[in-house]
Amino acid sequence: MGRHVVGNAAELPPGSRKIVTLENRSIGVFNVNGAYYALKNSCPHQAAPLCAGPIKGTNLPSKPGEYRYAREGEIIRCPWHGWEFDLTNGKSLFDPHKCLVKTYEVAVEEVREEQEEPSVETYRVQIEANKVVVYI
Amino acid sequence: MEQVEEMKATRSTGRAIIDCDVHPYPKSVDEIRSYMQEPWKSRYRGSGRGFFDNPVHGMRLDATPPNGGGAGTDPDFVREQLLKPFGHEYAVLMPRAFCNLLPDPDYATAIAAAYNEWLADTWLGKHNADGVFKGSITIAHQDPHAAAREIERWAGHPHFVQVMTDSGARAPFGQRQYYPIYEACEKHGLPFAIHPGTDGMGINVQPSPGYPTHYIEWHTCLSLAFQAHLVSFLTEGVFERFPGFKIVLVEGGVSWLPGLMWRLDQEYKALRYEVPWMTKRPSEYLRDHVRISSQPLERPDDDGHLLQMLTMMDAEHILMFASDYPHWDFDSPKHAFPKLPDAMARRIFYENAKEFYKL
């Protein structure tokens, strides 16, 4: 399992995203209402850059003629054909069990950053809190 | 010229592609207006379809050029995003003038003419050093004689390869009021392309019974007009009257063809008496006169079903690849089809269009 620090948590506030390349894979990291998720940046339909799509809510299943718009900020749409995926689990809304995008584990961790001092054999250790880490 | 060399390098690798439906857009309304004369010049404010728009997004959201402007407005970015990555050798351009919905035939003809001049100057002119862009002559079918004159005006142009109109029309396209258009097409060896656009809008009839409520209905049923137009072309004897005339059905759906032809061939056995100018079974006209472009390609759950449909419709000879870039329902050359037999893939992605457009 590869562990990759992708940035400071403070730089990824709720509603924002960051698209990174890890181990030659394009991956989107999202802050959805304070929780972090990562999805493969490729739509399972025709391989469009899914993670670049608009983040919205959706119309939940309802009776004919009724609209129940909800889940604002939790749904991403493919920028090509508009297929909707649940950011929290990568599953498509129309067929969650068969049509889904790969997800990756995300953690927010305190990361110790070691910096090498020139020409001495000691190391200064600095603790920077709350890095977003993706495990793939 | 550096770009030309790059394009040639791309062409030598991978599968060569001819894309039969790519949409160029003007950078602004003024760009089109600059090719118009009064009284139309002041009147024209640009116009789209008006309603039945996609409620989510109508264009690929990643197709906006980095230097600004709308999707499909920058020929260099189209090269970067579409032609180079997929190995396109040619892109057949289908401008969207939406002039076919207007009640005033003179105004509609003026818009068509301005679009043709704009396309010739820009995408087919100063942005076409490598010759990858091939154009469609926009016509207003409201005035078939004026449309024929517009075809005459551009027929000698090296990069216009067909005549095009929206599928929206006041009457099925086999009817005789349109024949001046087909006569001009036949005379100059230019196929007549039909593209969805103004069905049920302005002066045109809706191919479904009345107006649908939602975009999903309207968009799904676009294929109905294409079926009606094709049956009309065949039964009115257009291909007997104009033996050199060819048509291409662009973005009208694909897999309905076998069923429709079975039905029509069956009808013909009983009703040939009514249309004695049909000297052969309806489906026998297809290979000589009709091509269908692939996008939007129906994808059933079982790829085997689609492969059967493609075999049934003789896709190896009448289907031509189209992407519909930069529209929202763009079909990727890499992912739109299941794995095809090599010979069929070569013909669909390249050879059929190469022969049809004499490229």
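Modeller: Let's start with the polar contacts. Seven residue pairs are in polar contact across the interface of chain A and chain B, with both residues of each pair at pLDDT 80 or more. On the side of chain A that touches chain B, seven residues are nonpolar, four are polar and one is charged. Keep in mind that this is a predicted model. Salt bridges between chain A and chain B number zero.

Now the extent of the contact. Chain A puts 12 residues into it, and chain B puts in 14 residues. About 960 Å² is buried between the two chains. Carbon and sulfur atoms give 56% of that area. Within chain A, the residues that lose the most area to chain B are Gln46(A), Trp80(A) and His81(A). Together they make up 58% of what the chain A side buries.

Take Gln46(A) from that trio. Where does Gln46(A) lie in chain A? Its place is the loop that runs between strand S4 (35-40) and strand S5 (55-59). Why does Gln46(A) count as buried? Because its relative accessible area is 4%, and the cut-off for buried is under 20%.

Its neighbours come from both chains. Leaving aside residues up to four places away in sequence, Gln46(A) touches Trp80(A) and His81(A) in chain A. In chain B, Gln46(A) touches Phe330(B), Asp331(B), Ser332(B), His335(B) and Ala336(B). With Asp331(B) there is also a polar contact: the two side chains are joined at 3.0 Å.

Next, the backbone of chain B. Most peptide bonds are trans, and most residues other than glycine have a negative phi. The bond between Tyr325(B) and Pro326(B) is cis, with omega near 0 degrees. Pro326(B) sits in the loop between strand S8 (319-320) and helix H15 (342-356). Another cis peptide bond links Gln295(B) to Pro296(B), where omega is about -5 degrees. Pro296(B) belongs to the loop between strand S7 (290-293) and helix H13 (303-312).

Phe52(B) is not a glycine, yet its phi is positive, about 60 degrees. Phe52(B) is in the loop between helix H3 (40-43) and helix H4 (75-86). Lys358(B) is likewise not a glycine, and its phi is near 55 degrees. Lys358(B) falls in the segment after H15. Lys358(B) is exposed, because its relative accessibility is 63%.

Back to strands S7 and S8, this time as members of a sheet. In chain B, eight strands make an open sheet with parallel pairing. The order is S1-S2-S3-S4-S5-S6-S7-S8. Strand S1 (17-22) and S8 are the edge strands, so each one pairs on one side only. S7(B) and S8(B) run parallel and are joined by two bridges. Ile292(B) stands opposite Leu319(B), a residue of S8(B).

Last, the charged pairs. Side chains of opposite charge can pair when their charged atoms come close. Over all chains, the whole structure holds 26 salt bridges. One of them is in chain A: Arg25(A) meets Glu23(A) with N to O at 3.2 Å. Arg25(A) is partly exposed at 29% relative accessibility. Glu23(A) is also partly exposed, at 40%.

Asp53(B) bridges to Arg49(B), and their closest N and O atoms are 3.4 Å apart. Asp53(B) is partly exposed, because its relative accessibility is 47%. Arg281(B) and Glu284(B) form another salt bridge, 3.5 Å from N to O. Arg281(B) has a relative accessible area of 35%, so it counts as partly exposed. Glu284(B) is partly exposed too, at 41%. Finally, Arg346(B), Arg347(B), Glu351(B) and Glu355(B) belong to one network, joined by salt bridges that share partners.

Conventions
Residues are numbered from 1 along each chain as its sequence is written. Chains are lettered from A and ligands numbered from 1 in the order in which they are written. This is a predicted model: local features need pLDDT of at least 70, side-chain atom pairs count only at pLDDT 80 or more; totals for chains, interfaces and linings use all residues. Side-chain values use heavy atoms; hydrogens and water are left out. Contact means heavy atoms within 4.5 Å. Buried area is the accessible area (1.4 Å probe) that two parts lose on being put together, summed over both. A salt bridge is a side-chain nitrogen of Lys or Arg within 4 Å of a carboxyl oxygen of Asp or Glu. A polar contact is a pair of N or O atoms within 3.5 Å; within protein, one must be able to donate a hydrogen and the other to accept it, and residues adjacent in sequence count only if both atoms are side-chain atoms. Ala, Val, Leu, Ile, Met, Phe, Trp, Tyr, Cys and Pro count as nonpolar, Asp, Glu, Lys and Arg as charged, and the others, Gly among them, as polar. Helices (H or I, at least four residues) and strands (E, at least two) are DSSP runs, numbered from the N terminus. Buried means under 20% relative accessible area, exposed over 50%, partly exposed in between (1.4 Å probe, protein chains only).
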